Amino acid sequence: MFKKIILSLFALCSASMALDAATIIANQNNAAFPDTAEIRMKTTVAMQGMPEQAIESRIVTKGKEKTVTEIKSPVMNMKIVRNGEQLSVTDLKTGATLPSQMAGQAATYDISQAMGKAGDYLAPVKEGNLWRLSHKNSEQATLFYSEELKRIVKIRQTVQPGVQSETNIKYCSKGCAFPGTPLSIDISTQMNGQTAAKISLEIISVQKLANVPDAVFAVQKK
């Protein structure tokens with residue numbers, strides 16, 4: 001009888017210490033940048049057999065559905081306006097604007113937008129010093145959570161047979177303007193065990209804005 005009581009207490013303590021998907025998602029939501037902000041970032045792209053390319057971006061956001069992104073690189077200079085489900089692209093060198101189209105997935109630096117609901121995941125499992133959070137749909141990404149940082153620090157996904165993607169995320173410390181927000185995101189894609197591409201995103205600065213007129217996010221019509 002005494003042994004059964006001890007085992008029951010041990011099971012209760014273990015359950016109380018275990019994480020759940022809802023806690024992980026709630027903590028990751030705290031990594032989001034301010035809803036209305038200016039974000040400057042540098043993206044470095046390295047693809048097998050091609051020279052490395054650096055891209056500078058300036059992103060102005062208002063809420064979750066409105067963004068203006070200006071991209072500058074040696075090969076492109078464009079503005080992308082996203083307003084709800086509509087998106088337009090303007091070549092800043094020529095002034096030419098593509099016809100408006102349906103907007104794609106939200107920016108990759110805001111992981112929480114693509115995580116879904118807690119019910120979409122299996123119970124977290126401890127793996128080394130991280131917690132593995134697997135989606136019930138095996139085709140979706142597997143997330144790795146740091147209990148110390150209270151953040152997702154790694155993402156793995158099979159893009160297609162023979163092609164895997166791994167994302168590693170670093171976060172700002174308590175000394176930065178928005179502690180706990182992403183500092184850098186490194187994405188590596190492997191094909192048949194060999195690295196095919198690497199993308200590194202470095203957050204240069206984040207500034208919270210008081211307000212941005214809706215006219216800034218007007219989708220251009222051709």
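Mentor: Start with a term: a residue is called buried when its relative accessible area is under 20%, exposed when over 50%, and partly exposed in between. By that rule Glu166, with a relative accessible area of 27%, is partly exposed. Keep in mind that this is a predicted model.

Glu166 has a charged partner. Arg156 forms a salt bridge with Glu166, and their closest N and O atoms are 2.9 Å apart. The two residues come from distant parts of the chain: Arg156 belongs to strand S10 (residues 151-160) and Glu166 to strand S11 (residues 163-171), ten residues apart. Arg156 has a relative accessibility of 37%, so this residue is also classed as partly exposed.

The general idea is plain. Side chains of opposite charge can pair when their charged atoms come close. In this structure there are eight salt bridges.

Another of them joins Arg58 and Glu38, with 2.8 Å between the closest N and O atoms. This pair also links distant parts of the chain, since Arg58 lies in strand S2 and Glu38 in strand S1, 20 residues apart. The two ends fall into separate classes of accessibility. Arg58 has a relative accessible area of 26% and is partly exposed, whereas Glu38, at 13%, counts as buried.

Together with Arg40 and Glu70, they are linked in a network of salt bridges.

A further salt bridge lies between the side chains of Lys64 and Asp35, at 3.6 Å from N to O. Here the partners sit in loops, and again the pair links distant parts of the chain. Lys64 is in the loop between strand S2 (53-62) and strand S3 (66-73), while Asp35 is in the loop between helix H2 (21-29) and strand S1 (37-47), 29 residues apart. Both values of accessibility fall in the middle class: Lys64 is partly exposed at 39%, and Asp35 is partly exposed at 40%.

The charged end of Lys154 sits over the ring of Phe144, 5.6 Å from the ring centre.

Notes: Residues are numbered from 1 along each chain as its sequence is written. This is a predicted model: local features need pLDDT of at least 70, side-chain atom pairs count only at pLDDT 80 or more; totals for chains, interfaces and linings use all residues. Side-chain values use heavy atoms; hydrogens and water are left out. A salt bridge is a side-chain nitrogen of Lys or Arg within 4 Å of a carboxyl oxygen of Asp or Glu. Helices (H or I, at least four residues) and strands (E, at least two) are DSSP runs, numbered from the N terminus. Buried means under 20% relative accessible area, exposed over 50%, partly exposed in between (1.4 Å probe, protein chains only). A charge sits over a ring if NZ of Lys or CZ of Arg is within 6 Å of the ring centre and within 35 degrees of the ring normal.
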